[in-house]
Amino acid sequence: MQKGMRLNDGHITYLALLAKKDGTRRGSLSKKSSDNTKWHSKWFALLQNMLFYFENDSSSRPSGLYLLEGCVCDRAPSPKPSLSAKECLEKQYYFTVTFNHDNQKALELRTEDVKDCDEWVAAITQASYRNLATEHETLMQKYLHLLQIVETEKTVAKQLRQQIEDGEIEIERLKSEIAGLLKDNEKIQSNPEVPPSEDDTEIKKIKKVQSFLRGWICRRKWKTIIQDYIRSPHAESMRKRNQVVFSMLEAEAEYVQQLHILVNNFLRPLRMAASSKKPPITHDDVSSIFLNSETIMFLHQIFYQGLKARIASWPTLVLADLFDILLPMLNIYQEFVRNHQYSLQILAHCKQNRDFDKLLKQYEAKPDCEERTLETFLTYPMFQIPRYILTLHELLAHTPHEHVERNSLDYAKSKLEELSRIMHDEVSETENIRKNLAIERMIVEGCEVLLDTSQTFVRQGSLIQVPMSEKGKITRGRLGSLSLKKEGERQCFLFSKHLIICTRGSGGKLHITKNGVVSLIDCTLMEEPEGTDDESKGERSGQDTEHLDFKVMVEPKDVQPYTVILVASSRQEKSAWTSDISQCIDNIRCNGLMMNAFEENSKSDAILYCDDVDIRFSKMMNSCKVLQIRYASVERLLERLTDLRFLSIDFLNTFLHSYRVFTSADVVLDKLITIYKKPISAIPARSLELFFASSQNNKLLYGEPPTSPRASRKFSSPPPLSITKTSSPNRRRKLSLNIPIITGGKALDLAALSCSPNGYASMHSTMSPFSKTTLDINKLYVSSTMASKIPDEGEPKAEGKAEDALSAASAFAIATAGANEGTPTKEKNGDKEFVIRRAATNRVLNVLRHWVSKHSQDFELNTELKMRVIGFLEEVMHDPELLTQERKAAANIIRTLTQEDPGDNQVTLEEITQMDCKTEPFESHSALEIAEQLTLLDHLVFKVIPYEEFFGQGWMKNDKNERTPYIMKTTKHFNDTSNRIATEILQWDDVNMRVAVIEKWVAVADICRCLHNYNAVLEITSSLNRSSIFRLKKTWLKVSKQTKTVIDKLQKLVSSEGRFKNLREALKNCDPPCVPYLGMYLTDLAFIEEGTPNYTEDNLVNFSKMRMISHIIREIRQFQQTAYKIDYQPKVAKYLLDSSTVLDEESLYEASLRIEPKTSS
């Protein structure tokens, strides 16, 4: 069977039986085997353009099928026989069937009867429809010829009409001239004849010259008026307005096609599947997922037809009435928008059904979908209204104020903006679900934890996983080896509850590694490397991975404990990963602890979920199971940042990314200092009343005693709890955050814990029916050196230092052990105040750690802020009630602020430009060298863009060079590189040299694609598409077919069609390092900014908008942080940066006209 065909087995069997019964031609033929050595007798049957063959005439199933359309069938000469077979071959007649498909072998057949052979040849020739194709081609040529004749006749007719009109004008002029002469003649006859004088003759000559000059001046003035209008701003506005409308027509056609695919490839097939005997999905779920998408399709089909009708009446374009028809129907969009979040949740739930997931993948594999998922198609309507707003904005920019459509277009824009605000919020709230589903789709084995809609995506990136030796120690000898970096490279995804570790397979698909789904609630993060200082110095000397590794120790309840060791590519990346992992772990545990403590009043606390004058909530919950903020005042946002009951990592990241838009760093720092000094203010008054008044706080704080004797949770970086010799042997105990420590067969009574007056905890011994257990809390607060020297009884000493650091969250949880029921009320309330103080300290240090480690530029650019933070932390360290590990956490933040960042030891762009190096020509460098250095330069330019420039569309303002200098440098670098490529092509007069240069640049672009430098791919393809290069027909005729195929593939990859859908898919499937096309993200940011203000009418911060911008910035920073391991080559880099010989746009076009002038045709 032919390559690329999809055939239904039942259908083919039916057609084969039909061919045997009613075929055009049937009979036995000999078919040559695939190895050209033997002939096999088969029974053939011809039905229309299908040739079936069977083992014999009684076979019910065909052995094969050939599609004859476009084939050629001819008689073939008999092969030269041997002497022994000569008599036998004389009775054989051969013919061949040659197919027009690539790589399909010709079919060789023979028969014993010449008449039979001729009839088969004639039948197959007729079935190939070749005559029809030839006739069709002839008719098309005639049709094109007739079209040319019609166009010529139209031109001639137009010229004749013009000549007739000119003749009529001339006749009228002559008639008027004759009438004038007749009047003059009558006057002359009535008056006595006067002999003409010489003066009259001269006057007539002068008048004739004057008349000629008046006509010439009038024509000249009219021509000038027309030319001035063509060059006028009004004419330019009209041209741009028409161009906007034409673009709108193309975008609307694409959108209608997307809706058509959504309805016909997904909605209608799923409805049929829901009606089957074993439905993989119910009709209710289908309705919940798609809602009124079919109605939206019908609406836009009508709108598209109306738009096409308006285009037909060009250049008179009236669009306002079309929008007047569309606006009343937009309530169906409001229904779709409100249902969008629920739709994605239902879809995630249905995908847990394997039958539905398998069926959905079949639908998504259809060619029309172009590898896009159902979630993508469901999101398209969410972006259509903002697209209309942008179009109307451009139309109004090019529509005069006195234009008849101005008011109607303004009204339509205002109505669409109202709907757009709602849609922006919904897109922001459902983005996390879409992100999780997209990652789950990339994992071949699937990942059920990502179908939990409460999972919040935090970050992703490439890390190196270090294997463990048999004894469980790190094999540090391989840390710097290239083989480890190649074998151990992992794609890691951090969520609020899980860490997913995958390997990247072919085609960009992901495979989860062994123990690759890590539940963070069972984890302990170790940021410092393992081993003693001497060992570390000895083993790490000369390694480029020094201090870049960290450990995640996992101890699940029912599985053997294991350790995951990961290595980052830089200290900055390690700091970002450890900060986020630590925050997620602390969130799970400390948030659970505080929410338990305030559980009853949290449910009745209206400020957590009820809209108020200074806050509005969305329907979506964050990772702490609290409603996300949609709009809020600055004060309420600061309250949420310092609310001790919970802190969502998504909120923290969004706040730290965007706080400069609505407040200042000093205000944020003042709030943190206030919370530290007055921690009671961080909890609402009603919560405090319940917290201090309840007689069951111990139960709320620690939960019910567990039934399992081994139930225990660990902190981010907890120390070992020293148990006296009377404790249970051979078991290291760690303090639990939400359940009590267990010894023997009964829960250890945390009510026996109390706090001493100086704030440190002491321990009362309690009796167990099974054993006496005494917990010495004082041993919790020894220094890390001492802690490493106190191993548990019965445990190897090698593990004594495995957990030598206690996070602030851990210290806070230990401190909460002071709340008990057996102490007097005053003392008990003091203990609870101590709990709140520890929680406040933990929160302040946590936020500062995130702020300093991930937003260090705030402190590098603001020395006063830096000194204030250092002064505050030094004041914190002198607090006598501070726990040891809180003091250590504060010291670590100070060290991060004061130490110089070693960087990634990569050359900077400024250093390259200052280097004095001789520039060598293009032909002296290989394509690989150019691609590598171009990638290095592009990443150097891209990675230094500060994320503050992505707010406020500064790159589109008049003072863009001052507001966004780094974005403008990136744009300039893109344009300079594109000009460099065009200049290199056009400087050659020899066409063969131009072809060689083009093919070399295409090779450079393809190598850049392999290096994930999509910015360079677009630089090169956009340069080749310039008018000065694209018009070189003689040059492009000599470019090889293979090169043109590569160009088409690259252009399709970076095409802006469908919001850069192919480029987004490539970015999703690639591992950093990578250089994305910045313009794609700027388009997304402009899309969010347009029609969505930073503040509402009530002067509340639009935090949903900040969340969307933060998600885009997070993706950009992910690519900025991972550097390329490419060696700098001065000569190549200097060539790429040398702008002395680069031509501007006008000079490029002049050079293009010089080497290939315009033809007269």
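This is a predicted model: local features need pLDDT of at least 70, side-chain atom pairs count only at pLDDT 80 or more; totals for chains, interfaces and linings use all residues.
Residues are numbered from 1 along each chain as its sequence is written, and side-chain values use heavy atoms, with hydrogens and water left out.

That pair belongs to the contact of E6 with E7, which run antiparallel and share five bridges; strands here are DSSP runs of E with at least two residues, and helices are runs of H or I with at least four, numbered from the N terminus, and two strands pair if DSSP finds at least two bridges between them. E6 (residues 93-98) also pairs with E5, again in the antiparallel sense and over five bridges, with Arg-75 standing opposite Phe-95 in E6. E7 (residues 107-111) pairs in the antiparallel sense with E1 (residues 25-32) over two bridges, and there Ser-30 stands opposite Arg-110 in E7.

Taken as a whole, the strands form an open sheet of seven, in the order E4-E3-E2-E1-E7-E6-E5, with antiparallel pairing. Strand E4 (64-67) and strand E5 (72-76) stand at the edges, each with a single partner strand, so one side of each is left without a neighbour in the sheet.

Lastly, what is the place of Glu-172? Glu-172 lies in helix H4, which covers residues 130-190.
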